[in-house]
Amino acid sequence: VVLPAGRSPQADLKAALDNIFQHSNVGPFVCRGLIQRLVASNPSPGYVYRCGLAFAAVWATFAALRGLMNLPAPPSDLGRLSPYVIVASILVIMFRY
């Protein structure tokens, strides 16, 4: 990945981390390590795959929530829910199951 020059270190770090976490092997790699240390020493490939899918879904959800929180709300739009209410609702739904 080539990052453009002249950006802040925080922007470069954010872009680099987003690039790393969007790679298809990161979820299974992280999940395999977590499963080996917390659940079973030799997890099945199917178990690692399902955990990797969940990791990707949660990462995408957090990225979407981060983007939602950065959207400015128009001042005259009183009928819409606050982004904080939407985020809280999504988190409640996610962790209810």
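1. A disulfide is here a pair of cysteine sulfur atoms within 2.5 Å. The structure, a predicted model, holds 1 disulfide. C31 and C51 form this link, with their sulfur atoms 2.5 Å apart. The link is left-handed, with -75° about the S-S bond. In general, a disulfide is a covalent bond between the sulfur atoms of two cysteines.

2. The pair links distant parts of the chain, 20 residues apart: C31 lies in helix α2 (residues 26-38) and C51 in helix α3 (residues 45-69). Helices (H or I, at least four residues) are DSSP runs, numbered from the N terminus.

3. C31 is buried at 3%, whereas C51 is partly exposed at 25%.

4. Helix α2 has 13 residues and reaches 18 Å from its first C-alpha to its last, close to the 18 Å expected at 1.5 Å a residue. The expected span is 1.5 Å times one less than the number of residues. Buried residues in α2 are V26, G27, C31, G33 and I35.

5. Confidence is given as pLDDT, the predictor's value for each residue, from 0 to 100. The chain averages 75, and 71% of the residues score at least 70. Helix α1 (residues 9-21) has the highest confidence, at a mean of 86, and helix α4 (residues 83-96) the lowest, at 72. Where pLDDT is low, the predicted coordinates should not be read in detail.

6. Local features need pLDDT of at least 70 and side-chain atom pairs count only at 80 or more, while totals for chains, interfaces and linings use all residues. Residues are numbered from 1 along each chain as its sequence is written, and side-chain values use heavy atoms, with hydrogens and water left out.

Terms used:
Helix = DSSP H or I, 4+ residues; strand = E, 2+ residues; numbered from the N terminus. Buried < 20%, exposed > 50% of the residue type's maximum accessible area, 1.4 Å probe, protein only.
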